[in-house]
Every structure is written in C-alpha cells, then in structure tokens.
Amino acid sequence: MSRIANHRVLGVLGAAALAIGTIATAVAPANAAGAAHSAAASNVKNVCGAAKPGFDRCFAQIRTDVHEPAHIGRTAGTAGRVAAATPAPAGFGPADLHSAYNLPTTGGANQTVAIVDAGDDPTAEADLAVYRTTYGLPACTTANGCFTKVNERGAATPLPADVGWGVEEALDLDMVSAACPQCKILLVEADQPSGTDLGLSVDTAVKLGATEVSNSYGATESSLTPGDAAYYTHPGTAIVASSGDSGYGIPAEPAVFSSVVSVGGTSLTKATNARGWSETAWYGASSGCSAWVDKPTWQTDPNCPGRMVADVSADADPQTGPAIYVTDTADLQGLPSGWSVVGGTSASSPFIAGVIALAGNPAKYSDASAFYAPSAQAGLNDVVGGSNGIFQDCGGDYQCNAVVGYDGPTGLGTPNGLSAF
C-alpha cells in the first residue's frame with residue numbers, strides 16, 4: 001500500500017476511534033498514550049461536538065472536576081499576579097505562563113490579535129474583564145478601544161446566534177491576554193462554524209487591521225482542502241492555527257496550510273530543574289503528514305513527503321491547563337459558571353499568537369519558515385518525551401513521538417523568550 005493510501009486508511013481508523021471517545025475509559029489502553037487518554041477521559045469534556053460535513057469544530061476541552069465561584073481571585077495583585085491574600089483560581093495564570101516561557105510582561109502595544117470563532121458569546125467582554133482584573137492585567141474594553149467584537153462582515157451588529165462556542169471564545173480571549181497584556185484584541189464571530197464562514201471571518205480580521213489571527217478550530221483535510229488555502233494566506237499577517245486534539249492521524253485544516261503557523265500541544269508542569277518547568281508532548285495534540293498539501297521548502301523532516309503538522313507548541317493539556325473565566329451558561333453544558341480549567345490546542349494557538357504579537361514581528365510569519373531557521377533554535381525549548389499515538393501508532397517515528405529536534409506533536413518546541421519570535 002502506498003504511503004498516501006496508508007495515511008488515509010489510518011486516518012479513517014483514527015477518526016472512527018475518536019468518534020467513540022466517550023467510551024474510551026472502558027477500553028484497555030494499547031500504549032502509554034492510550035493509558036493517559038483513558039485516565040483523563042472521565043474528567044475532560046470536548047466543548048464542541050462532532051462537526052457535520054463542511055463544518056469545523058472547536059478544539060477546546062474543559063475539565064469537569066474543577067470549578068470555582070466568581071469571587072475566587074477577584075482581588076487584583078500586581079505584575080499579573082493574584083494578591084497573596086486572595087485564593088488564586090485553579091489552573092495556570094499569566095505569571096505562570098510567562099515564567100514557563102521566559103516572556104516579558106510588556107510589549108505588543110501596537111499589535112492587534114484577532115480571534116476567529118463561530119457564533120456569539122454574549123458575555124465575552126464582561127468575562128474578559130473579570131479575568132484581566134483578577135490577574136492585574138490592564139483593562140481591555142470596547143470603551144477604551146482595546147476590545148472590539150464584530151460579525152464576519154466586520155460590523156458590530158447584528159451579531160450571530162450563540163452556537164455553543166462560548167467556552168472556546170473565553171479561552172481564546174484569556175490566552176491572548178495572558179501572553180500579551182498590552183495587545184488589542186479583535187473578536188470576529190462567524191455566522192456559523194462552516195469552513196466558508198470561518199474563512200471569510202479570517203479575511204475580515206485582516207481587512208480590519210489584525211496583525212495576528214488565531215484559529216482554534218479545524219476539520220479533517222480532504223480533496224477540498226487546497227481550495228480553502230486562500231482564506232489563510234495573508235502575507236504580512238501571522239495566521240496561527242491549532243493542530244487539533246485527535247492525536248496522530250490525518251491533519252486538520254487550517255493548521256495544515258503552508259501559510260499557517262501550526263501549533264501543537266504539551267503537558268506543562270512545575271519542576272526543580274534550572275528552568276523551573278518541564279514539558280512533554282500532550283497525548284491529544286494532533287500531528288500528521290498531509291496527503292493534499294505539498295511539503296514547503298523550509299520543512300525538511302525525512303519521513304513525510306507532504307506538509308507536516310505541527311511547527312511549534314505550548315501548554316495544551318487540560319490536566320495542566322490555564323484558569324479560564326466564563327459565564328456563558330448556555331455553552332457550559334450544565335457545568336457551573338465562573339472559573340474553570342480548559343485546555344486543548346485551542347489554548348496553545350491563541351497563546352502563541354499572543355507571543356508573536358508580544359515580539360511585534362508579524363511580517364516574519366507569512367509562513368512558519370522563521371521557526372525552522374537554525375538561529376531560532378536557541379529561542380525554543382526542545383520538548384522531548386511523550387507521544388500522541390492515542391489510537392494509532394507511528395512505529396516510534398518522530399511523527400507521533402516527541403524526540404530531540406523536530407517532531408509532529410510539539411514541532412520545534414515551545415517559546416524560550418522572544419528571540420525566535
């Protein structure tokens with residue numbers, strides 16, 4: 001069987017396995033990644049359900065066992081930290097992420113990071129205000145010109161109906177805020193989660209002046225994929241996309257496009273080493289070799305003749321995820337409103353978009369080639385250890401195992417300061 005044919009067959013099997021993910025805890029795991037997935041399945045829920053043909057799904061995953069009321073952490077501290085006298089929400093806050101990734105707290109004041117999502121989150125601005133106040137971040141509101149919310153045509157009204165992506169939208173806004181507190185934020189809400197509506201929303205974000213655009217959603221690549229590339233090709237603007245949360249298999253668009261910075265995921269934990277943190281590949285972070293997108297000249301991994309996903313990564317594991325504030329009760333699926341811990345590569349994509357904005361060089365990212373330059377390697381933490389071979393294995397290959405140098409789940413690594421950005 002040819003590589004491409006085999007790739008497609010394995011991807012179908014992987015998709016079928018993901019479709020029965022709700023019963024994963026009843027199946028004996030075949031490997032360490034499977035064991036981790038089984039252990040996590042009982043306390044993690046996908047925010048967005050399976051998408052129908054022609055539509056995308058968001059990649060956010062919410063913990064069902066960690067919820068705290070709105071008053072937790074409401075007293076703001078300084079320098080992005082919660083005041084010592086106030087209990088901090090569970091999950092990582094901005095100061096944790098800046099420490100883990102060696103990032104400055106200032107920069108990006110001239111950058112506008114756009115978030116593209118589907119449907120309206122009616123409490124987005126109010127929830128963002130609570131998150132930023134809690135962590136001592138500067139206000140980002142419509143009134144002060146920092147926050148803007150529009151529909152896919154770029155107008156403030158009418159906004160679309162709520163389609164269940166409220167948790168995703170809160171996660172995106174909070175992660176941009178965590179990475180780049182001084183950045184402006186543009187939220188573009190597509191009418192529906194179709195590939196066309198989301199693509200048009202990206203075009204709108206760029207027309208409105210976004211310097212970075214984050215997309216935390218996707219659909220399995222197919223023969224239609226090449227025709228969608230134009231939506232995500234905007235030289236001079238950094239287009240960033242989540243790799244997905246399906247482990248190793250067929251990659252998702254838009255992450256697979258060569259004009260996109262594809263962001264994988266890690267499990268991030270505090271450690272006693274010199275860095276103070278350790279990371280391994282998150283078992284859910286998607287990776288894969290494209291059968292429809294040609295390999296870009298700047299990507300030279302040996303065992304994939306097409307575009308390989310991902311390029312870089314950041315924390316995405318819901319078990320080690322960030323604290324998020326959300327009160328869009330219609331989208332919480334019966335879970336309490338307030339503070340939650342949310343993950344998925346839906347967390348890592350907006351965070352990386354914020355890091356690019358923090359560095360202030362979006363024109364470098366008409367594609368991901370800048371990360372592949374030898375000079376960039378000192379500015380990235382090479383992630384070694386862990387696998388995303390949840391339902392299918394790559395035989396020890398870098399495509400599903402985090403190894404020294406480039407690998408599929410984590411790409412070239414995670415931020416270590418801004419020198420690579």
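Both Cys48 and Cys58 are buried, where buried denotes under 20% relative accessible area, exposed over 50% and partly exposed the range in between, with a 1.4 Å probe and protein chains only. The model is a predicted one, in which local features need pLDDT of at least 70 and side-chain atom pairs count only at pLDDT 80 or more, whereas totals for chains, interfaces and linings use all residues. Residues are numbered from 1 along each chain as its sequence is written, and side-chain values use heavy atoms, with hydrogens and water left out.

A search of the whole structure finds five disulfides, a disulfide being a pair of cysteine sulfur atoms within 2.5 Å. In one of them, the sulfur atoms of Cys48 and Cys58 lie 1.9 Å apart, and the link is right-handed, with 100 degrees about the S-S bond. This pair links distant parts of the chain, 10 residues apart, with Cys48 in the loop between strand 1 (44-46) and strand 2 and Cys58 in strand 2; helices (H or I, at least four residues) and strands (E, at least two) are DSSP runs, numbered from the N terminus. The disulfide of Cys140 and Cys146, with sulfur atoms 2.0 Å apart, is left-handed at -85 degrees about the S-S bond.

Strand 2 and strand 8 (residues 217-220) pair in the antiparallel sense over two bridges, pairing being assigned if DSSP finds at least two bridges between two strands. Three strands form an open antiparallel sheet in the order 2-8-10; strand 2 (57-58) and strand 10 (252-253) stand at its edges with a single partner strand each, so one side of each is left without a neighbour in the sheet.

The largest nonpolar core has 99 residues, and Met175 and Phe351 are among those with the most contacts inside it; such a core is a set of buried Ala, Val, Leu, Ile, Met, Phe, Trp, Tyr and Cys residues joined through side-chain atoms within 4.5 Å. A second, separate core of five residues includes Trp282 and Ile390.

The structure holds 14 aromatic pairs, for which rings of Phe, Tyr and Trp (its six-membered ring) must have centres within 6.5 Å, with planes under 30 degrees apart counted as stacked, over 60 as edge-to-face and the rest as tilted. The rings of Tyr101 and Phe351 have centres 5.6 Å apart and planes at 50 degrees, so this pair is tilted. Tyr101 lies in the loop between helix 3 (94-100) and strand 4 (112-118) and Phe351 in helix 8 (residues 345-359), so the pair ties together parts that are 250 residues apart in sequence.
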